[in-house]
Amino acid sequence: YGSPSSGCFDVKPIEIVFTEANAGNDSSMVVCNSGAGGIVNVNTMLFGADPGGTWEDVSVVPTTGFNAATGIFDPTGVPAGVYEFIYVTSEPDPCPNDSASMLFTVVDQPIAGGDNVGQICNQAGFTYDLNTLLFGHDAGGFWQEITPTAGGFNEATGIFTMDGTLTAGDYDFRYIVLGFDP
C-alpha cells in the first residue's frame with residue numbers, strides 16, 4: 001500500500017477486451033420451387049458476419065430443402081410458403097449471441113398447360129375460342145399471337161374470329177402465365 005508520492009506502491013495493468021458477436025444483417029429472397037432459380041448458398045447472403053456460426057431452420061413448418069450443416073437451400077419441390085433460417089454466432093458468457101434472419105418466400109412455378117392443336121374452318125364470321133384448348137394450366141394468363149392473323153385474334157379474350165380471307169396454314173398462339181421473378 002502507499003501512494004505514488006511516498007514511493008511505495010504497485011501497479012498492475014488490467015486489459016479489458018470488449019467482444020461482440022456479429023451474425024451480419026437480415027436478408028430475404030423470393031425463389032421458385034421448380035428448380036429454375038437453382039440452389040441457394042445462404043452463406044453468400046451473410047455480410048460482415050463472424051465465421052464459425054451455426055444455421056438453424058426456424059420456419060413454422062421446417063423444410064427438408066435446407067441443410068443446416070452447410071447453409072445450402074434447394075427449393076426444388078418445397079411447398080410454396082415462407083421459410084426462415086437463422087445464422088447464430090456465439091459469444092462466451094456473459095455476452096449475448098447474435099443472429100441474422102434469412103427469410104425465403106418460395107413460390108410455385110406458374111403452369112401454362114400443355115401444347116395443343118385445334119382445327120378451324122376459314123369461313124367469315126366463324127369464331128374459335130382458344131381457351132377450350134387449354135388443359136392443366138393456371139388461371140390468370142394471357143394470350144399472345146405468334147403468327148399474324150391480320151386482326152382476327154383477340155389476345156385479351158383468346159377468341160379467333162375468321163373473316164374468310166386468311167391463307168390456309170398453321171397459325172401459332174401462346175398462352176402465358178406470369179410468375180414472380182425470383
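Predicted model: local features only at pLDDT ≥ 70, side-chain atom pairs only at ≥ 80, totals over all residues.
User: Which residue in S5 is the bridge partner of Asn67?
Analyst: Within S5, the bridge partner of Asn67 is Ile72.

User: How many bridges pair S8 with strand S11, and which residue in S11 is the partner of Asp129?
Analyst: S11 comprises residues 159-161 and pairs with S8 in the antiparallel sense over three bridges. The bridge partner of Asp129 in S11 is Ile159.

User: Is the protein chain spread out or a compact globule?
Analyst: The chain comes to zero helices and twelve strands. Its radius of gyration is 31 Å, whereas the globule rule gives 16 Å for 182 residues. The C-alpha trace spans about 120 × 35 × 20 Å along its principal axes. Because the radius of gyration is well over the globule rule, the chain is more spread out than a compact globule.

User: What percentage of the 182 residues in the protein chain is buried?
Analyst: The accessible surface of the protein chain comes to about 11800 Å², and carbon and sulfur atoms account for 55% of this area. Buried residues make up a share of 26%.

User: Is Val60 buried or exposed?
Analyst: Val60 lies in the loop between strand S3 (54-57) and S4. Its C-alpha is 40 Å from that of Thr132, a residue 72 positions away in sequence. The relative accessibility of Val60 is 83%, and the cut-off for this class is over 50%, so Val60 counts as exposed.

User: How many disulfides does the structure hold?
Analyst: Cys32 has a relative accessibility of 5% and counts as buried. Cys121, at 38%, counts as partly exposed. The number of disulfides in the structure is zero.

User: Are the rings of Trp55 and Tyr87 stacked, edge-to-face or tilted?
Analyst: There are twelve aromatic pairs in the count. The ring centres of Trp55 and Tyr87 lie 5.2 Å apart, with their planes at 55°. Planes under 30 degrees apart count as stacked and those over 60 as edge-to-face, so this pair is tilted.

User: Why does the pair of Trp55 and Tyr87 tie together parts of the chain, and how many residues apart are they in sequence?
Analyst: Trp55 is buried with a relative accessible area of 8%, and Tyr87 is buried with 5%. Because Trp55 lies in strand S3 and Tyr87 in strand S6 (residues 81-89), the pair ties together parts whose separation in sequence is 32 residues.

User: Which strands hold Phe153 and Phe173?
Analyst: Phe153 and Phe173 form a tilted aromatic pair, 4.5 Å centre to centre with 50° between the planes. Phe153 counts as buried at 8% relative accessibility. The pair links distant parts of the chain, 20 residues apart: Phe153 is in strand S10 and Phe173 in strand S12.

Methods: Residues numbered from 1 in each chain as written. Heavy atoms only, no water. Pairing = 2+ DSSP bridges. Helix = DSSP H or I, 4+ residues; strand = E, 2+ residues; numbered from the N terminus. Rg over C-alpha atoms; globule rule 2.2 N^0.38 Å. Buried < 20%, exposed > 50% of the residue type's maximum accessible area, 1.4 Å probe, protein only. Areas by Shrake-Rupley, 256 points an atom, 1.4 Å probe, with all protein chains shown as cover. Disulfide = S-S within 2.5 Å. Phe/Tyr/Trp six-rings, centres within 6.5 Å; stacked < 30°, edge-to-face > 60°.
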